[in-house]
Amino acid sequence: RTHKDALDFVDRIFQRAPAIRHLMAQGVRLQLGRPHMQGLLDSVKPHHLLSPAEVRSLALPTLCIWGGADRLLPRSARDFFAEHLPAHASLEEPAHFGHVPFLDHTEALTERLRAFVAPLAN
């Protein structure tokens, strides 16, 4: 609702604050303040989320990367996946990854994803 709230959100999703955090906070307020976005966020209910059975039924090769420094999602969300991922799935938790490693640690994430998909390409 306020610029401070938006800054707090930006600071929680990034492992380290970006130089343009004030600009990003303005964008967050603009996007999340739109009526259709508010409606979407308000409409999400627990039954819309993945169930334990749905997670257990994943058949494709699966890599779940959870940011060890994530300050947005609760630890219980990570624990849910750790408990319910099928045996063939991997859950990795790089300590230096926050909520958005594709922005914070682009190269490290890209290398990990390349290593994961390389054996699948054959």
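# Close-up views of a predicted single-chain model

Buried residues make up 24% of the 122 residues in the chain. The legends below describe a predicted model.

**View 1. The overall fold comprises seven helices and two strands.** Read from the N terminus, the elements follow the order α-α-α-α-β-α-β-α-α. The C-alpha trace spans about 45 × 35 × 25 Å along its principal axes. The chain has an accessible surface of about 8,300 Å², and carbon and sulfur atoms account for 62% of this surface. Among contacts in the chain with a separation of 6 or more, 67% are between residues 24 or more positions apart.

**View 2. The largest nonpolar core of the model contains eight residues.** Its members are Ala6, Leu7, Val10, Ile13, Phe14, Ala25, Val28 and Val100. At least two residues of this core are supplied by each of helix H1 (3-13) and helix H2 (21-32). Helix H1 provides the largest share, four residues. Around Ala6, a member of this core, the contacts beyond neighbours within four places in sequence are with Ala25, Val28 and Arg29.

**View 3. Arg78 is a buried residue of helix H5.** The position of Arg78 is in helix H5. Is Arg78 buried or exposed? Arg78 has a relative accessible area of 17% and therefore counts as buried, since the term applies under 20%. The side chain of Arg78 makes a polar contact of 3.3 Å with the side chain of Asp79. The side chains of Arg78 and Asp79 also meet in a salt bridge, with an N to O distance of 3.3 Å. Asp79 is partly exposed, its relative accessible area being 35%. When neighbours within four places in sequence are set aside, Arg78 is in contact with Trp66, Leu91 and Glu93.

**View 4. A network of salt bridges links Arg75, Arg78, Asp79 and Glu93.** Over the whole structure, a search finds eight salt bridges. One of the pairs is formed by the side chains of Glu93 and Arg75, at 2.3 Å from N to O. This pair links distant parts of the chain: Glu93 is in the loop between E2 and helix H6 (101-104), Arg75 is in helix H5, and the two are 18 residues apart. Glu93 is partly exposed at a relative accessible area of 27%. Arg75 is likewise partly exposed, with a value of 46%. Arg78, by contrast, is buried at 17%.

**View 5. Glu92 and Arg112 meet in a salt bridge between a strand and a helix.** The side chains of Glu92 and Arg112 meet at 2.7 Å, N to O. Which parts of the chain does the pair tie together? Glu92 lies in strand E2 and Arg112 in helix H7 (residues 106-117), so the pair ties together parts that are 20 residues apart in sequence. Glu92 is partly exposed, with a relative accessible area of 24%. Arg112 is also partly exposed, with a relative accessible area of 27%.

**View 6. Leu40, Val44 and Leu49 make a nonpolar surface patch.** The area of this patch is about 280 Å². Leu49 is found in the loop between helix H3 (35-43) and helix H4 (52-56). The relative accessibility of Leu49 is 53%, so this residue counts as exposed, the threshold for that term being over 50%.

**View 7. Ala87 is an exposed loop residue.** Where is Ala87 found? The residue is in the loop between helix H5 (75-84) and strand E2 (90-92). Ala87 counts as exposed because its relative accessibility is 85%. From C-alpha to C-alpha, Ala87 and Val10 are 34 Å apart in space, and 77 residues separate them in sequence.

How values were computed
Residues numbered from 1 in each chain as written. Predicted model: local features only at pLDDT ≥ 70, side-chain atom pairs only at ≥ 80, totals over all residues. Heavy atoms only, no water. Patch = residues over 30% accessible without salt bridge, like charges linked within 9 Å, V, L, I, M, F, W, Y side chains within 5 Å. Areas by Shrake-Rupley, 256 points an atom, 1.4 Å probe, with all protein chains shown as cover. Salt bridge = Lys/Arg side-chain N within 4 Å of Asp/Glu carboxyl O. Buried < 20%, exposed > 50% of the residue type's maximum accessible area, 1.4 Å probe, protein only. Core = buried A, V, L, I, M, F, W, Y, C linked by side-chain atoms within 4.5 Å. Contact = heavy atoms within 4.5 Å. Polar contact = N/O pair within 3.5 Å; in protein donor to acceptor, adjacent residues only side chain to side chain.
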